[in-house]
Amino acid sequence: MSMRKLVVEVVDAHNLMPKDGQGSASPFVEVDFDNQRFRTHAKQKDLNPVWNEKLVFNITDPTALHNLSVDVSVYNEKSSSHQRNFLGKVKIPGTSIVRQGDEAFQRFSLDKRSIFSHIKGELGLKVYYIEEKGGGPGNGEKKGKDEKKASDEKKEGKQKQQQQQQQQKQQIAQQQGKAVEEKKGEAKLVTMYTPTQPVDYSLKETNPHLGGGGVNKDKTTSTYDLVEQMQYLYVRVVKARELPGKDVVTGSCNPYVEVKLGNYKGTAKHFEKKSDPEWNQVFAFSKERLQSSVLEVVVKDKEFVKDDFIGKVMFDLNEVPTRVPPDSPLAPQWYRLEDKKGESKVKGELMLSVWMGTQADEAFPEAWHSDAAAVHSDGLSNIRSKVYLSPKLWYVRVNVIEAQDLQLSDKGRYPELCVKVQLGSQILKTRIAQNRSTNPLWNEDLVFVVAESFEDHLILMVEDRLGPNKDEVLGKTSIALTAVERRLDHRIVNSRWYNLEKHNASEGEKKKEIKFASRIHLRVCLDGGYHVLDESTLYSSDLRPTAKQLWKPYIGVLEVGILSAQNLLPMKTKDGRGATDTYCVAKYGQKWVRTRTIIDSFNPKWNEQYTWEVYDPCTVITVGVFDNWQIRGAPDKNSGAKDARIGKVRIRLSTLETDRVYTHSYPLLVLHNSGVKKMGDLQLAVRFTCSSLVNMMQIYTQPLLPKMHYLYPLSVSQLENLRYQAMNIVAMRLNRAEPPLRKEVVEYMLDLDSHMWSMRRSKANFFRIMSVLSGPIAAGKWFDDICNWKNPVTTVLVHILFFILVWYPELILPTIFLYMFLIGVWHFRYRPRHPPHMDTRLSHAEAVHPDELDEEFDTFPTSKSADIVRMRYDRLRSVAGRIQTVVGDLATQGERLQALLSWRDPRATTIFITFCLLAAVVLYVTPFQAVSMIVGVYLLRHPRFRNRLPSVSLNFFRRLPARTDSML
C-alpha cells in the first residue's frame, strides 16, 4: 500500500531583518503541516543563510490535501535564552503542491505577522509530494511514531515548555541523521539535504540549425542566416464594409473581429456604431503550436450582455500560400461573410490576407502573437521587439572669463564672488575670484553634457558668499544652446559679453538696467571633437566623436542572432507557480535592440537577427537578458515594478575572427548578496565581417579616442562626473520611448555602479596584477636557476649565447624580436577558439565572503547599522595599512637611490663617488666587450664560488639612509 508524503525543501533565505541587536541574526525555519511541526538547524550570524534541508511530513488524507496549507515561519534563535524572534512567514496553499518531478524552486517574500511587524527578505523553497510504498520497521516507523506522538501531545495540550524544546531537538537530530527507505529498487529518500552537483559556468559551443540548414538555402537565408527559421501563420485583418446593424433600437453595430485557430483566439479592437470599420491589424500563430487545420475569422457586434454574431470567413490551412521576403506583401482581398454553419452568405464583407511566413516578415514585429494571448491589451506594447537610438550627446564648454560693474548690497566688505552655472539637473560652480572686487576675474572652464535637440537653457548666476550656506545672487542670464557655436577642433571660439539681470527684478527695473547693467564675459561652445562617454572605456561600444563630419567610413559589419535561452530560473510567481517572461536587449554604438517578450517560458526562443556597422574593432557588444514585469495588467498598476535582471554577455569584437560564425551558449551569471548564481544559458550566433583588411589594420595604429581627448584632455574626475550625467540623459530619453526601455535596464547595460567600492573586485584586480607579473617573476626564477646551475646543459647554452651577443652586440635586438616571433608562432596552436565570457574565478565570485557581498550591494550612503559600518571600516583600515606599508617600502628604496649623491650620509656618498671615479677610469681603458664578459661570467658563476650572504653592493645599498626617520 502506497503512502503519500509531503516534502518541504528549505533551500535558503535572502536579506533577512537583523534581530539580535548586533546587526545580524541566527535564523532557522519551522514548518507546520497537518498538526506536524519540524524545524531546521539555526545558521549563526547569517542574514543570507543556506540550509538545503528536506523536511518530510505524513499526509493522512490525500483527498483533503487541497483544504490544508503549509505554514512556514522563520525565527531568530537567541543564544542567551530559549526565546526566539519572528523574522517572517510564508503560507502555501495545498492546491499549489505538485508531485515530485513537477516541482520548481520558488522565492517567497516573507509576510508580516501583524501590521506592526518589521519584516523583510525572501525565502527559497521547494514543495512537493511523493508516493512511498509501505516500508518495514526501522527509521521510518520510528519517525512516524515520533510525529504521531507530537501530534497527539499538541491536541491534548498537556505538554510542558521544556518537553517541547526537547522534542524539537530530537526532531532535528532525526532530520540530520536518519532516512526513510523506499523499497523500490535501490531508491532512497533522505531527510538530510544532499549536496547538489557543482554548477557549470563554462562556455559551450553549439550547433544550431541556422538559416533553415541544407546546401540549397532559400531566399530568407540571405538576410536571416544566423537564426533558426520559425514558421508563422499570418492573418492581416484590414477592414470591413456594409456590416448589418444588430441593434434593434438604433440599427447600428459595434463591430470587432475574432481570429480563431484551435484554442488560440486573437481579438481586434471594437468600434462604436460603425458599419465600415478599419483595423489593419496582423495576427501571428506559431506553426509549432497549430492545433487545427481550419482558420476562422469571425465578425461580432459587441453588446452589454452577449455579443451578437455578424458573420465569419473560414480558411483551410492546406491552401494558405507561402510568402518569402523580399517578395512584396500579399495583397488583401474582399471576402463575403458566411453564417454560423457556413452554408450561405450574409450581408457584409471583410478585407483580409492570410499567408505562411517566417520571423523575417516585416509584419512580425508589430503582430499579435498567439503565445501572448494571456497578456492584457494595455501590456501588448511592452512585449514587442523594437530598435532604439541613443540621443546624440555633446559636451558644452563654458569658459567663465570675467564680470564687470557688479552691484553689491554691502559695499563696505570685500566680496567673495563665484559663478554658478546650471544646465538641466547639472550644476557647477567656479572658484572664488582672487581679486575680490566688483570686476572679478575667473578664467575657468566648466563642462556639461547635453543631448540634441538642446531643450534646456544654460543659466548663469553670479553669487556673493555672505556666509556658510548663504549666497546672494547679484545677476543672472540665460543662454539658448541652439544659438551656441559648434566647434569641431581646438580652435578658440569668439567670446561674448552677456548682460546680467537682477534676481527677481521687476519689469521697470529691468528697463532701467539696459543702459547701466552688470555684465559677464563668456566663451561658450559645443565641443563636437570629443566622444561623450556614456559607457566605461574598458568595454565601450563606440569611440567616434560627436560631430558626424569627423566620422570615418565603417570597416565592417557585426551580425548577431539572438537564438534562445535554456534552463532559466523562475523570476516571479503566477497562479502559485514559478514563471519567467523574458526578453533580450543588445547594445552596440548608438543602436539598442530589444527582442519580443516570450511569455511564461523557461526555455524561450527568439530567433531574431540584428546588424550593426563597425567603426572600430576594439569595441564590445553587450547583450542582456531581463524578466518583464510590465505585462501583468494595465501600466498604472505596474508603474513601480522594475524589470529584473537575469544576466548579460559581453563580446569583444577584436577577439573574433572575420567571416566566421560563432555559435555558443553563454552562461547568464548574476551576483547576489548570497553569491554568484547561474540564471540559465543564452545561445547566440555572432559574425564579424570585415570590408577591408587594410583599413582594419590601420585602425590599430590610430588613437583609441578622438584627438581632442589628447590635445585638450579632461581630468579623470571630470570624465567620471560627465559619464554619470550622460548615462542619466540616455536612460531618461530611452525611458520616454514607446515601449520604454526602462531606466533599470539602461543602467545595468551601461554598468552604472562599476565605480563603487568592492572588496571582492579589489581582490580580483590584485590577483590580476599578480598574474601579469607572474611572467617577469618566472623569468627571474629561471635566471636564478641558470646562475645556480640547476640545469648544467641549459646554463652552458646560455653562456654560449651570452658570449656571442657580447662580441656581436648588433645581434641583440634582432635576437629579441626573433625570439618573440617564435613564441607567438608557438602559441598560435594554443590560441583561444571561443570568445571570452564572464569568468567567476577571475572575478573572485565563487568563494567570496557573504559580508563582502553584503557590503558591495549596500547603498551609498550606507544603510547599515553603526556596528556593521565600524567593522567594515576597521577591515578597510587593515587593508589600507598593508597597502601603506608597501608604498612606504617603495618610497624608501627610491630615497636610498637619491641618498647616493645627496651627502645625507657623507661616508656612503664618499665611497660611492670614489667607486664611480675608479669605474670611469677602468671603463675608459677597457673595451666594453671585456667588461661585459667579466660581469656576465661573475653573475653566472658556479654555486661553488658563491656565498650565501648578501653581496657587497646590496649590503651597501641597504645601509643608505632614507627619510623614514623624519616621519612622525
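Predicted model: local features only at pLDDT ≥ 70, side-chain atom pairs only at ≥ 80, totals over all residues.
Leu682 belongs to the largest nonpolar core, a set of 65 residues, in which Leu558, Trp592, Trp612 and Leu682 touch the most other members. The greatest contribution to this core comes from helix 6, residues 716–735, which supplies seven residues. Apart from this core lies another, made of 35 residues, including Leu233, Trp279, Ile310 and Leu350. In soluble globular proteins, nonpolar side chains tend to be buried together.

Turning to the strands, we can begin with an open sheet of four, whose order is 3-2-5-6 and whose pairing is antiparallel. Strand 3 (36–39) and strand 6 (84–93) form the edges, since each of them pairs on one side only, and the twist from one strand to the next averages 20°. Within this sheet, strand 5, residues 69–77, is joined to strand 6 by nine bridges in the antiparallel sense, and Ser69 has Pro93 in strand 6 as its bridge partner.

A further antiparallel pair is formed by strand 17 (residues 294–301) and strand 18 (residues 308–316), which share eight bridges. Here Lys300 stands opposite Phe309 in strand 18, and the passage from strand 17 to strand 18 is a hairpin that runs through six residues.

Technical notes. Residues numbered from 1 in each chain as written. Heavy atoms only, no water. Pairing = 2+ DSSP bridges. Helix = DSSP H or I, 4+ residues; strand = E, 2+ residues; numbered from the N terminus. Axes fitted to C-alpha atoms, helices over the stretch in contact; angles between N-to-C directions. Core = buried A, V, L, I, M, F, W, Y, C linked by side-chain atoms within 4.5 Å. Buried < 20%, exposed > 50% of the residue type's maximum accessible area, 1.4 Å probe, protein only.
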